[in-house]
Amino acid sequence: MHNDLLIIIPCFNEVHNIQGVIADLRLVIGKDVDIVVIDDCSTDGTSKLLVALDVITITLPFNLGYSGALQTGYKYAFAHGYEQVLQFDADGQHLASEIQTLLNVRKQYNADIIIGSRFAESGRSHDSFLKRIATSLFCKLIKIITGETIYDPTSGFQLLNRSALERYTKIHNFPYYPDANIIIEMILNGFSVKEVQVAMRDRQRGNSMHSGLLRQSKYMATLFYSIFIIVLKYFPSKLHHKVR
Amino acid sequence: MYWNYLYFSVIGIFFVVYVFKKVKRNEFSEGRSIFWIAGGFTMLCLSLFPVIFIKLSLLLGIVYPPSLLFLLSIVFVVFVSFRQDQEISQLSERVNELAQRNALLEQAISAFRAEERLKQDNIGE
């Protein structure tokens with residue numbers, strides 16, 4: 001017998017952060033929530049540390065990237081019958097204390113996807129210039145394509161219900177960067193998305209997967225292309241006509 | 001100019017024989033070899049019967065007929081290369097799915113073993 005909610009933590013080379021993240025989660029949420037860490041074939045000793053931390057760990061045989069690890073977590077959650085899933089970053093950016101905020105919003109609005117947003121109420125002045133431009137472009141694209149206003153489509157702090165979870169497990173060619181593209185696709189398929197302001201920290205230690213100009217450019221180009229493909233896929237039947 | 005066609009004929013014959021040999025030794029699947037055999041035969045036919053070739057070139061406005069052979073070869077190679085890339089992306093997706101399934105099964109096995117150990121410990125006590 002397990003809990004209703006599962007926290008999924010995709011993890012790659014986070015030996016310096018993961019211990020603190022798990023400790024924070026256990027301290028704040030206690031035993032009411034299950035945690036699963038998807039170790040994306042880490043090479044820095046994260047795997048050994050996870051064994052010592054006594055947390056459910058799924059170890060991938062080779063590096064699948066963030067999205068592959070995340071989808072593995074979805075598949076685990078779906079197979080084990082969890083009703084809700086929370087994505088949580090292993091780099092220490094997400095705060096365990098904010099989980100309750102997302103759960104409260106879920107109870108209040110019963111949306112399929114709840115996004116913990118850094119910008120729903122406050123500005124986005126902490127991000128780099130390039131990232132600010134990218135995020136605002138993605139927000140505009142979401143508005144144009146779906147008619148919905150999402151302020152922080154790049155946030156990985158998300159709570160999903162079982163129907164959204166099911167959809168995620170069944171997507172073939174799950175996008176390499178599941179951000180604005182996947183949100184657009186979900187909205188176009190009739191899933192409701194609600195955003196809530198949460199506090200977040202800066203990454204504790206190590207480098208982000210989006211660090212460096214080249215990686216950021218690749219990320220933006222991939223995401224724009226992915227959105228374009230989604231528009232092609234659903235045009236004109238589902239644009240502005242959300243049907244599940 | 002006919003030497004060109006002779007070269008192409010010889011290359012075409014060698015190519016077709018080479019592909020057949022590979023298929024015969026089970027080093028190349030029948031399904032995948034069909035394109036190459038078809039390509040090789042086309043090359044062979046066009047080189048053995050240059051009349052078709054010359055007429056086709058004139059029809060397409062190509063002044064130097066062997067250029068048509070190069071054009072067709074390039075189109076064929078690009079087509080095969082595209083198909084291969086498409087198949088690679090499909091295979092990558094399958095490999096990813098297998099890796100995920102493998103990881104999930106490994107986790108299930110270790111959870112099962114841990115549960116069994118716990119049961120045996122309890123019986124022992």
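Gln158(A) touches Val85(A), Leu86(A), Gln87(A), Leu102(A), Ile113(A), Ile114(A), Ile115(A), Tyr168(A) and Ile183(A), leaving aside residues up to four places away in sequence. Contact here means heavy atoms within 4.5 Å. This is a predicted model, where local features need pLDDT of at least 70, side-chain atom pairs count only at pLDDT 80 or more, and totals for chains, interfaces and linings use all residues. Residues are numbered from 1 along each chain as its sequence is written, chains are lettered from A in the order in which they are written, and side-chain values use heavy atoms, without hydrogens and water.

Gln158(A) sits in strand E6 of chain A, residues 158-161 (strands are DSSP runs of E, at least two residues, numbered from the N terminus). Gln158(A) is buried, at 4% relative accessible area (buried means under 20%, with a 1.4 Å probe and protein chains only). A polar atom of its side chain lies 3.0 Å from the backbone oxygen of Ser155(A).

Now the interface. Chain B brings 11 residues into contact with 16 residues of chain A. About 1,100 Å² is buried between the two chains, with 58% from carbon and sulfur atoms. Buried area is the accessible area (1.4 Å probe) lost when two parts are put together, summed over both. Gln100(B), Leu104(B) and Gln107(B) supply 48% of what chain B buries against chain A, more than any other three residues.

Technical notes
Helices (H or I, at least four residues) and strands (E, at least two) are DSSP runs, numbered from the N terminus. Buried means under 20% relative accessible area, exposed over 50%, partly exposed in between (1.4 Å probe, protein chains only). A polar contact is a pair of N or O atoms within 3.5 Å; within protein, one must be able to donate a hydrogen and the other to accept it, and residues adjacent in sequence count only if both atoms are side-chain atoms.
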